[in-house]
Amino acid sequence: MQAAVVNQLGGGLSVEDVEVPAPGPGQVLVKLVATGVCHTDLHAADGDWPVKPSPPFIPGHEGVGEVVQVGEGVTDLHLGDMVGNAWLAYACGVCEYCRTGWETLCEQQKNSGYSVDGSFGQYMLVDARFAARIPEGADPQEIAPILCAGVTVYKGLKVSEARPGQWVVISGIGGLGHVAVQYAIAMGLRVAAVDIADDKLELARKYGAEVVVNARNEDPVAAIQQKIGGAHAILVTAVHPAAFGQAIGMARRGGTIVFVGLPPGDFPAPIFDTVLKALTIRGSIVGTRQDLAEAIDFYDRGLIHPNITVRSLQEINDVMTELREGHVDGRVVIGY
Ligand code: NAD
Ligand code: ZN
Ligand code: ZN
């Protein structure tokens with residue numbers, strides 16, 4: 001099969017012939033129809049994070065396709081079922097985190113396209129217990145971004161504890177951010193969008209953002225405080241560390257700042273403001289299988305419309321360059 005392989009961190013991807021993997025116990029073999037390209041795949045290929053993947057590996061964690069082979073012991077997936085992979089490829093199921101509904105924090109977890117091969121190929125293996133169930137009739141290309149971008153921002157908004165009618169700032173209107181605007185609206189929140197590119201902000205407006213701020217042209221902290229009196233919640237999906245420090249300044253008293261973006265770096269946090277304004281700053285990492293099922297359900301009910309551009313696997317390095325330079329509107333989806 002053809003797959004895009006990272007042979008060396010920082011060395012780009014190489015589209016090459018690799019063997020179709022055979023499903024072990026508990027796994028299914030999936031023939032891919034589509035996969036989203038997440039900025040995380042770029043961080044993985046570049047080796048941006050402290051915990052690095054080991055080449056060679058196949059990135060991709062928004063893959064959708066058809067079950068074509070079923071491994072031993074799999075009882076609830078069958079030939080022809082449409083399934084997807086997700087960042088959470090495996091969790092142990094028995095540790096404190098798994099037992100308390102926080103499988104995304106499991107220390108034994110495996111991650112698609114990072115510690116196990118992902119969806120940038122014509123076939124992939126998926127653990128049947130962690131496979132996303134794709135609803136009947138769903139467009140495989142359009143639903144792909146829900147498997148990471150969708151569930152991640154949906155979970156981030158949930159843990160922000162923002163309630164209907166309250167303001168949320170979505171900082172970074174890329175693959176994650178443009179669906180975050182839609183989830184926020186569907187959850188009854190009022191949305192202010194911050195990015196550094198006008199085309200991204202236009203997309204946010206189209207999906208229902210009432211306020212947009214271009215952080216390249218004006219100070220986003222002053223603008224958010226002046227326009228809406230600060231936000232009850234701020235969801236940061238931006239890929240620049242500057243957005244993280246700014247997010248704290250955008251909060252209303254008692255507000256919650258949720259970080260989901262993962263650019264390498266640190267951010268400054270003012271002790272005085274954090275204490276006196278009783279701010280909550282928290283990280284959020286993808287979502288559990290239940291969060292994913294809920295995020296898919298929002299899509300299935302017609303509430304979320306990812307803005308996708310379909311490209312071929314051969315173009316993967318061009319896509320990565322466009323992502324790095326901030327030139328992707330919404331999500332690129334590879335069609336097989
Ligand atoms: P993307 O490249 O599609 O979007 C990033 C957006 O950030 C772009 O619109 C860009 O213009 C904007 N941006 C850049 N600098 C900015 C600034 N200073 N202020 C405001 N906006 C700015 O990326 P994506 O696929 O949406 O992923 C975003 C980040 O989220 C990545 O770091 C990715 O690794 C991370 N991520 C985290 C999780 C998680 O579970 N926590 C899941 C998926 C992705
Ligand atoms: Zn992702
Ligand atoms: Zn566990």
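Some ground rules. Residues are numbered from 1 along each chain as its sequence is written, chains are lettered from A and ligands numbered from 1 in the order in which they are written. In this predicted model local features need pLDDT of at least 70, side-chain atom pairs count only at pLDDT 80 or more, totals for chains, interfaces and linings use all residues, and side-chain values use heavy atoms, with hydrogens and water left out.

Cys38 sits in the loop between strand E3 (27-37) and helix H1 (39-46), and Cys148 in the loop between helix H3 (140-143) and helix H4 (149-160), so the pair ties together parts 110 residues apart in sequence. Helices (H or I, at least four residues) and strands (E, at least two) are DSSP runs, numbered from the N terminus. Buried means under 20% relative accessible area, exposed over 50%, partly exposed in between, with a 1.4 Å probe and protein chains only.

Now the core. The largest nonpolar core has 44 residues, and Ile170 and Tyr183 touch the most other members. At least two residues come from each of H4, strand E10 (167-171), helix H5 (175-186), strand E11 (190-195), helix H6 (198-206), strand E13 (231-236) and helix H10 (289-300). Domain 1 (2-148 + 287-335) and domain 2 (150-283) both contribute, so this core lies between them. A nonpolar core is a set of buried Ala, Val, Leu, Ile, Met, Phe, Trp, Tyr and Cys residues joined through side-chain atoms within 4.5 Å. The domain bounds come from an automatic or database assignment.

The largest pocket holds about 950 Å³. Its lining has 48 residues, with His39, Thr237, Ala238, Val239 and His240 nearest the centre. H1 gives the most, four residues. A pocket is an open set of points on a 1 Å grid over the protein atoms alone, with protein on both sides within 12 Å along at least five of seven lines; a cavity is a set where a 1.4 Å probe fits but cannot get out; lining residues have an atom within 4 Å of a point.

How many cavities of 30 Å³ or more does the whole structure have? One. About 80 Å³ lies in the largest cavity. Volume is the space filled by probe spheres set on grid points, which are joined across faces, edges and corners. Among the lining residues are Trp87, Phe130, Val286 and Arg289.

Val286 brings us to the backbone. Most residues other than glycine have a negative phi, and most peptide bonds are trans. Val286 has phi near 30 degrees, a positive value. Val286 is buried, at 8% relative accessible area. Ala278 has a positive phi too, near 50 degrees, but is partly exposed at 49%. Last, a cis peptide bond joins Pro55 and Pro56, with omega about -5 degrees. Pro56 is in the loop between H1 and E4.
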